[in-house]
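Colleague: I have just opened this structure and would like a guided walk through it. Could you take my questions as they come?

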Amino acid sequence: MSSLVKCPHCGLRPKEEFTVRGEVATPRPDAGAEEAVWFDHVYLRDNPRGEHREYWHHSGGCRRWLVLSRNTLTHETSEVVDASTLKTGGAA
Amino acid sequence: MTGFRIDGGTLIDRNDVRRFSFNGEALSGFGGDTVASALLANGRQLVGRSFKYHRPRGILTAGAAEPNALLTIGRDGRRDPNTRATMAELFDGLEARSQNCWPNVNFDIGAANGLLGPLLGAGFYYKTFMWPAAFWEKVYEPLIRKAAGLGRASYDPDPGYYEKCWAHCDLLVIGAGAAGLAAALTAGRAGARVIIADEGAQLGGGLLAEGSPIGGKPADAVLADIVGELHALPNVEIKKRTTVFAAYDDQVFAAVERVQKHLPEGAINPHLAMERLWRIVARQVVLATGAEERPIVFGGNDRPGVMMAGAMRTYLNAYGVAPGKRVALFANNNQAYQTAMDLEARGVEVAAIIDPRTCPNIRYDGKARMIAGAMVRDTAGRKAIKSITVRHDDGRDEVIAVDALAVSGGYSPIVHLACHRGGKPAWSDEHVGFMPPENTDGMTPCGAVAGKIGIVDCFAAGGAAAVKALAELGVMGDAATLPGVAQGDATVDHVQPVWSVSSTKGKAFVDFQNDVAASDITLAMREGYDHVELAKRYTTNGMATDQGKTSNVNAIGILAENKGVSPGEIGTTTFRPFYTPVSFGALVGASKGMEFQPIRKSPLHGWAERHGARFVETGLWYRSSWFPKDGETFWRDSVDREVNTVRTKVGICDVSTLGKIEIFGADAAEFLNRVYCNAFLKLPIGKARYGIMLREDGFVYDDGTTSCLGENHYFMTTTTALAAGVLTHLEFCAQVLWPELDVRLASATDQWAQMAIAGPKSRDVLAKIIDEDLSNEAFPFLAAREVSMFGGRLKGRLFRISFSGELAYEIAVPAGYGDSVADAIMTAGEEFGIVPYGTEALGVMRIEKGHVTHAEINGTVTPADLGMGKMVSAKKDDFIGRVMNLREGLVDPNRPTLVGIKPKSASDKFATGSHILKPGDPVSLANDQGYVTSMCHSPTLGHAIGLALVKNGPSRHGEEVVIWNGLAGTTVTGILCDPAFVDPENEKLHA
């Protein structure tokens with residue numbers, strides 16, 4: 001796991017400032033979506049060998065939620081973006 | 001006679017005599033000595049007993065890899081077990097003791113284990129001592145543990161303190177031998193920010209042991225020049241006594257600096273750390289960790305007096321200590337011959353050089369007798385070596401009398417830090433060793449770790465490595481010019497691997513610390529454990545505190561030899577942090593005792609203390625739990641009085657620890673509407689509302705009140721336990737789920753001192769300090785707004801909410817005013833009989849009222865389970881948890897649901913956690929109906945009461961049940977009832 005995380009707002013910070021929530025799940029379904037879709041969203045998570053996208057919270061810093069893309073095998077972090085961009089697409 | 005002091009020694013100061021004791025015996029050495037060099041100078045070669053067979057063991061090395069000479073140093077809280085004598089600096093008054101021997105190191109009863117050798121071979125714990133099975137735990141294991149083992153930790157607290165720090169640099173140079181020094185000098189001169197770290201007490205590494213001049217100049221003078229220049233460079237930070245012990249991702253390195261471990265008690269500065277744990281972030285790294293000399297595996301190779309050739313040279317040149325009077329050298333490489341040369345130069349007789357090689361590259365210019373193509377097959381001597389048996393190439397044996405034997409089986413680059421991030425070292429036939437992996441991102445190995453030989457070649461390699469690293473940083477630099485460095489061919493050795501001596505007589509040790517012999521490794525192979533990772537675990541080779549620094553490569557060589565393959569095909573085991581053991585003190589740092597974790601104190605902590613509060617730790621908080629008065633000796637005396645006073649008069653309670661979150665934004669109402677399961681869209685300004693927050697899986701997460709203080713401004717309270725969790729959850733909702741909503745969140749928990757004023761007289765008390773109309777009409781139940789206090793001198797936030805069930809208010813004032821406002825309320829309430837009450841009384845009153853806390857909100861309950869199913873909005877399209885809350889299993893009427901519970905006989909008591917059974921059912925969890933979540937003695941009702949989650953609870957009020965305490969094995973008859981024991985009609989709330 002990375003020792004330093006490049007927060008898009010704060011720069012390179014030690015990993016102890018962050019809290020990992022786990023894999024970026026499927027987008028939150030509409031209220032009317034089928035139960036199976038909700039089930040996926042709430043419960044099902046992958047544990048891949050290789051590229052993985054995770055929610056990281058900069059809890060000891062700017063308190064923004066981030067999406068960190070990392071390789072579970074090589075520990076390389078390829079991208080860290082503000083999690084709001086998942087939905088808005090733009091810069092946070 | 002074994003070792004003794006001779007002239008010379010670049011590291012020691014003969015004017016600085018230091019007294020120390022070894023196993024109670026008074027000895028002395030000099031400033032600059034290690035405990036090992038001082039022991040050798042005093043002729044003490046036998047320093048400990050081996051782990052398993054209790055064989056006599058001496059000092060093998062002069063550095064970090066030492067497997068044998070582990071001592072317990074110091075006393076009481078400053079006692080450090082398993083300290084390597086080769087790394088411990090001698091100070092005046094030092095006390096050192098041998099380990100793993102009884103009654104003493106010279107006469108050790110455990111040595112009888114040697115006779116049990118056949119039973120203690122590889123994997124013995126899987127094979128012997130297996131029968132009868134019950135004997136393992138009670139007889140065999142305790143006996144083995146008593147006989148085997150290392151030093152014992154002290155039970156006394158360490159009086160020293162420890163700290164952790166971060167450091168940042170352009171270039172981190174690990175190791176300050178010739179290569180590291182040249183690298184640091186090169187980068188330092190180029191202006192880069194350099195940190196150079198070395199585990200030794202002095203910079204120099206192999207230079208410290210160099211007896212020959214370099215470029216015509218004495219080695220110590222060359223070293224002094226370099227170190228002097230480095231000290232003068234402001235951009236170079238020198239860290240001596242600092243072991244870089246781990247390489248982590250993103251170029252973060254961990255190092256431990258032994259700041260004061262080398263000082264006597266009286267010289268320790270209490271304001272300085274004993275050790276410092278560094279995390280160093282380096283843009284580039286030069287790895288100059290050197291190479292470890294390998295032992296040779298032959299019979300009796302563990303006898304005291306057998307020492308690594310390089311270590312012998314270090315003791316000779318750096319400490320002025322001769323290892324004996326008549327020494328032999330057993331080596332398979334040219335570099336080791338330097339030890340024989342230096343011994344002869346200092347007047348020590350070298351009896352013979354035994355070299356298994358027959359190649360033409362062997363040349364020795366000294367006086368010693370050369371025996372080529374030969375091996376040492378055995379040694380003799382009870383507690384120190386007296387002779388060696390040499391097997392000549394013609395099969396003839398010759399016994400040679402010696403009192404020390406230098407051994408060198410080649411050199412293993414110290415590749416650990418290059419492999420901590422997953423890289424695998426590569427075998428090199430040329431260097432007869434495992435080399436650092438090619439792909440070492442941002443790390444340049446140089447010097448002996450990269451296979452270079454000799455001071456001059458290492459100077460050149462270090463300079464070149466720094467130039468390369470600087471180029472990566474965009475800095476131009478020239479390799480530092482150092483004495484002796486000239487253009488020329490690199491020095492070449494001709495190491496011929498000798499993995500084991502076939503003619504060996506007796507036990508030939510591979511791993512000295514774990515007592516693993518060559519025969520154990522071949523046995524493991526015969527039994528099918530021939531994979532390097534399996535062989536390691538089956539034999540325990542390399543698993544001791546030295547992590548196999550002197551043994552791993554030999555074990556791999558033996559495996560390879562026996563399988564007929566290259567050591568490269570066997571491969572190494574995995575290198576993991578830490579490189580050498582790190583003290584718990586350094587890892588713990590300042591986090592011990594009261595500093596183990598932060599302490600959170602409410603703004604009213606001092607006020608509560610003045611009123612004699614007893615405090616309870618809840619998470620990091622210290623909350624006032626009850627306030628004993630004179631004559632009250634039992635906690636419940638105080639709690640019952642506090643409850644009775646609140647129910648009849650008035651009380652004040654510190655509720656500052658509740659989580660407080662300010663919520664702003666045009667979409668704040670919509671946001672709240674989505675995070676609470678009940679409706680919040682139409683909450684008017686000036687009103688508070690109780691809200692239940694679900695998790696997305698439909699279960700209750702937390703509860704609390706949220707007040708609308710103004711247009712687009714809300715103030716949320718959470719439970720104390722989940723203050724941080726709720727804020728994090730809300731941030732996730734606002735930032736990830738609905739970033740399109742205009743909402744901003746800020747934690748305000750520490751900004752406000754908040755007090756509950758509860759009881760029939762609470763309005764009368766507050767009316768004296770609040771400037772506004774508090775009548776039921778003007779400020780009804782659930783009113784919430786900013787109020788003027790003390791004649792306009794202060795503004796506070798007043799909420800008419802109640803956890804106790806009484807007429808009650810909560811008043812929040814800026815934290816700094818909390819203490820004075822609490823005092824003012826006490827003064828105002830004096831005429832009404834006000835008392836402070838704590839969390840215990842609060843808990844009793846909420847149970848009496850049937851209010852839930854996290855004892856009930858246990859992660860498996862829905863709002864309906866808590867009797868609040870009607871609060872879940874059926875009108876809202878969406879909110880967190882809406883869909884999952886409707887799942888079949890979550891709406892089953894048979895789910896455990898909140899009820900009150902009381903004993904049938906008022907004198908009976910029961911315990912929280914007790915299970916509920918139907919009368920007549922066998923006492924078993926198979927017949928479980930639910931359990932008691934909370935209970936207390938109700939002073940209002942005069943008997944025990946509780947809350948419980950019971951199957952289909954609401955329809956069972958009045959039913960008789962059995963309350964079963966499975967831990968105590970007792971049962972009590974109880975009656976299920978309405979959870980609101982007091983004022984079920986809420987008349988008091990609205991009074």
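**A conversation about the two chains**

Modeller: Let us begin with one pairing: strand 37 (residues 700–710) of chain B and strand 38 of chain B pair in the antiparallel sense over 4 bridges. Please keep in mind that this is a predicted model.

Colleague: Which residue stands opposite His713(B) in strand 38 of chain B?

Modeller: That is Gly710(B), which stands opposite His713(B). The two strands form a hairpin with 2 residues between them, and in this hairpin Asn712(B) takes a positive phi near 65°.

Colleague: How many bridges join strand 35 of chain B to strand 38 of chain B?

Modeller: There are 6 bridges between strand 35 (residues 659–664) and strand 38 of chain B, and these strands run antiparallel. In this pairing, Glu662(B) stands opposite Phe715(B) of strand 38.

Colleague: And is strand 38 of chain B mostly covered or uncovered?

Modeller: Strand 38 (residues 713–718) of chain B is mostly covered, with 5 of its 6 residues buried.

Colleague: Let us move to a helix. Why does the span of helix 16 of chain B agree with what it should be?

Modeller: Helix 16 of chain B has 14 residues (635–648), and at 1.5 Å a residue it should span 20 Å. Its end C-alpha atoms are 20 Å apart, so the two values agree.

Colleague: Which residues of helix 16 of chain B are buried?

Modeller: The buried residues are Ser638(B), Val639(B), Asp640(B), Glu642(B), Val643(B), Thr645(B), Val646(B) and Arg647(B). As background, an α-helix has 3.6 residues a turn, so residues three or four places apart point the same way.

Colleague: What covers the buried residues of helix 16 of chain B?

Modeller: The cover includes strand 33 (621–626), strand 34 (651–654), strand 40 (752–758) and strand 44 (835–836) of chain B. Helix 21 (839–849) of chain B is also included in that cover.

Colleague: Switching to sheets, what is the order of the open sheet of 3 strands in chain B?

Modeller: The order is 21-22-23, with antiparallel pairing. Strand 21 (375–380) and strand 23 (397–401) of chain B stand at the edges with a single partner strand each, so one side of each has no neighbour in the sheet. From one strand to the next, the twist averages 25°.

Colleague: How many bridges are there between strand 22 and strand 23 of chain B?

Modeller: Strand 22 (residues 387–391) and strand 23 of chain B pair over 5 bridges, in the antiparallel sense. Within that pairing, Val390(B) has Glu398(B) as its bridge partner in strand 23.

Colleague: Now chain A, please. What does its secondary structure come to?

Modeller: Chain A has 2 helices and 6 strands. Along the sequence, they follow the pattern β-β-β-α-β-β-β-α. The C-alpha trace of chain A spans about 40 × 30 × 20 Å along its principal axes, and 17% of its 92 residues count as buried.

Colleague: What do strand 1 and strand 2 of chain A form?

Modeller: They form a hairpin with 3 residues between them. Strand 2 (residues 11–14) pairs with strand 1 of chain A over 4 bridges in the antiparallel sense, and Gly11(A) of strand 2 is the bridge partner of Cys7(A).

Colleague: Which residues make up the covered face of strand 1 of chain A?

Modeller: Val5(A) and Cys7(A) make up the covered face of strand 1 (residues 4–7), while Leu4(A) and Lys6(A) make up the uncovered one. In general, side chains in a regular strand alternate between the two faces of the sheet.

Colleague: What about the sheet of 4 strands in chain A; what is its order?

Modeller: That open sheet has the order 3-4-5-6, and its pairing is antiparallel. Strand 3 (19–23) and strand 6 (77–82) of chain A are the edge strands, each pairing on one side only. Strand 5 (residues 65–71) is joined to strand 6 of chain A by 5 bridges, and Leu66(A) has Asp82(A) as its bridge partner in strand 6.

Colleague: Finally, how many residues does each chain give to the contact?

Modeller: The contact takes 20 residues from chain B and 19 residues from chain A. On the side of chain B that touches chain A, helix 18 of chain B gives the most, with 6 residues. By class, that side of chain B has 9 nonpolar, 2 polar and 9 charged residues.

Colleague: Which scores does the predictor give the complex?

Modeller: The complex has an ipTM of 0.97 and a pTM of 0.90. Chain B averages a pLDDT of 94, and 95% of its residues score at least 70.

Definitions and conventions
Residues are numbered from 1 along each chain as its sequence is written. Chains are lettered from A and ligands numbered from 1 in the order in which they are written. This is a predicted model: local features need pLDDT of at least 70, side-chain atom pairs count only at pLDDT 80 or more; totals for chains, interfaces and linings use all residues. The expected span of a helix is 1.5 Å times one less than its number of residues. A residue is buried if 20 or more other C-beta atoms lie within 10 Å of its own, exposed if 12 or fewer, and partly exposed in between; C-beta atoms are placed from the backbone. Two residues are in contact if their C-beta atoms, placed from the backbone, lie within 7 Å. Ala, Val, Leu, Ile, Met, Phe, Trp, Tyr, Cys and Pro count as nonpolar, Asp, Glu, Lys and Arg as charged, and the others, Gly among them, as polar. Two strands pair if DSSP finds at least two bridges between them. pLDDT is the predictor's confidence in each residue, from 0 to 100. Axes are lines fitted to C-alpha atoms, for helices over the stretch in contact, and angles run from 0 to 180 degrees between N-to-C directions.
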